[in-house]
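Please look over the sequence and the structure shown below, and then read the report that follows with the model open beside it.

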Amino acid sequence: MTTLTAEIETQLAAQAIELPSWAFGNSGTRFKVFATPGTPRDPFEKIADAAQVHRFTGLAPTVALHIPWDRVDSYDELRRFAEDQGVALGTINSNTFQDDDYKFGALTHEDAAVRRKAIDHHLECIDIMDATGSRDLKIWLAEGSNYPGQADLRGRQDRLHESLEEIYARLGDEQRLVLEYKFFEPAFYHTDVPDWGTSFAQVAALGDKAMVCLDTGHHAPGTNIEFIVMQLLRVGRLGSFDFNSRFYADDDLIVGAADPFQLFRILFEVIRGGGLNNPDIAFMLDQCHNVEDKIPGQIRSVLNVQEMTARALLVDREALAAVQRSGDVLEANRIYMDAFYTDVRPALATWREARGLAADPLAAYLDSGHLQRIAADRVGGVQAGWGA
């Protein structure tokens with residue numbers, strides 16, 4: 001059986017993956033949102049569910065919030081509740097894609113009044129960060145155009161910069177703006193922040209507290225995502241990941257479900273670039289569980305990241321560097337692939353037990369009866385989902 005070195009165990013013990021509150025609400029396709037018994041009805045119940053993931057895995061100490069979906073009367077109360085559950089509140093995610101006013105854009109809109117509304121929403125998010133102790137404001141913009149000639153492409157970029165400048169100026173000394181990108185959807189002709197280059201250009205113009213968020217599902221088929229990871233680490237602008245998986249487009253499936261080798265390659269570059277357990281890089285999930293139970297889906301997700309991290313740490317980097325320098329193509333690939341094919345699950349199970357965790361966290365959770373309890377207890381009210 002493969003054994004984990006003390007150095008690898010130390011790295012794994014420090015690993016932390018942030019959970020998205022929205023992963024615990026109902027989700028679905030463009031055609032149907034499916035309800036599940038026991039789904040949270042408010043942000044407090046979402047956090048309680050996220051805390052279950054951390055309780056069984058030891059991997060998920062923070063929970064990202066989405067505003068306005070997670071808006072509450074008292075964020076101090078929500079923060080204290082999270083702390084009582086054994087987790088902390090993390091990234092604050094803005095939302096400028098569900099109001100009618102944002103039909104033709106938000107931070108890029110031609111109408112100054114609409115831009116004002118969108119900017120003010122982000123300023124509210126920073127106020128929430130002040131109350132929750134959150135460091136990062138993450139912005140994803142569903143903005144673009146459907147037809148050639150519909151919009152002034154340059155003008156929209158200029159307005160985006162001006163809007164981001166005002167938001168950036170409101171950040172506290174220890175706070176950051178993290179700009180996500182997505183190459184398509186919902187606009188068909190062009191997207192205002194379609195790729196890492198556009199995100200990088202916008203954040204670089206703001207200052208050192210602005211970073212790029214890389215969502216692993218937000219790329220065209222065939223994109224070498226690990227190259228982008230390397231480049232953003234190289235220039236010091238990778239602020240966060242949104243880990244998920246996709247088969248066709250932005251499916252937001254369990255990370256590693258479609259291409260575990262891609263996840264391995266990404267994590268290898270994270271380690272190579274000094275990004276693992278780097279406090280300046282947030283490792284987050286961005287997933288929606290459409291047909292599977294939500295807490296088990298999140299447990300499986302964080303365990304997948306942990307497993308591929310362990311495999312990537314097994315790469316003999318000194319031996320790999322030597323054969324890379326000598327031009328031994330096949331040996332370099334063998335060293336790389338041997339680490340990927342190594343089954344680290346038994347070693348991880350033993351390591352978890354040594355830390356007081358279940359060898360199989362998912363099985364332990366399912367055996368706990370928690371799913372049945374919340375299904376019985378959470379009756380009545382409105383289940384959380386898209387828009388709540």
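Does Asp49 count as buried or exposed? The model is a predicted one, and in it Asp49 has a relative accessibility of 3%. Because buried means under 20% relative accessible area, Asp49 counts as buried.

Asp49 belongs to helix 2, which is made of residues 43-57. If its neighbours within four places in sequence are left aside, the residues in contact with Asp49 are Phe24, Gly38, Pro40, Ile295, His370, Ile374 and Arg378. Between the C-alpha atoms of Asp49 and Gln324 there is a separation of 46 Å, and the two residues stand 275 residues apart along the chain.

**The nonpolar core**

The largest nonpolar core of the model holds 97 residues, and those with the most contacts inside it are Leu214, Val229, Phe241 and Phe243. Helix 9, residues 294-313, supplies nine residues, which is the largest share of this core.

**Two pairs of packed helices**

Two packed helices are described by the angle between their axes and the distance between the axes. For helix 3 (residues 75-85) and helix 4 (residues 112-132), the axes come within 8 Å and cross at roughly 45°. Helix 3 and helix 4 are therefore oblique to each other, and helix 3 passes helix 4 in a right-handed crossing. On the side of helix 3 the contact is made by Tyr75, Asp76 and Arg79, while helix 4 contributes Ile128, Ala131 and Thr132.

**Backbone details in the loops**

| Residues joined by a cis peptide bond | Omega |
|---|---|
| Ile67 and Pro68 | about 20° |
| Glu185 and Pro186 | about 5° |

Pro68 lies in the loop that runs between strand 4 (62-66) and helix 3, whereas Pro186 is found in the loop between strand 8 (176-180) and strand 9 (190-191).

Which value does phi take in Asp252? Although Asp252 is not a glycine, its phi is positive, at about 55°. Asp252 is located in the loop between strand 11 (238-243) and helix 8 (260-272), and with 12% relative accessibility Asp252 counts as buried. Asn277, likewise a residue other than glycine, has a positive phi near 60°. The loop that contains Asn277 runs between helix 8 and strand 12 (282-285), and at 26% relative accessibility Asn277 counts as partly exposed.

Notes:
Residues numbered from 1 in each chain as written. Predicted model: local features only at pLDDT ≥ 70, side-chain atom pairs only at ≥ 80, totals over all residues. Heavy atoms only, no water. Axes fitted to C-alpha atoms, helices over the stretch in contact; angles between N-to-C directions. Helix = DSSP H or I, 4+ residues; strand = E, 2+ residues; numbered from the N terminus. Parallel < 35°, antiparallel > 145°, perpendicular 65-115°, else oblique. Left-handed = near helix turned anticlockwise from the far one by under 90°. Contact = heavy atoms within 4.5 Å. Core = buried A, V, L, I, M, F, W, Y, C linked by side-chain atoms within 4.5 Å. Buried < 20%, exposed > 50% of the residue type's maximum accessible area, 1.4 Å probe, protein only.
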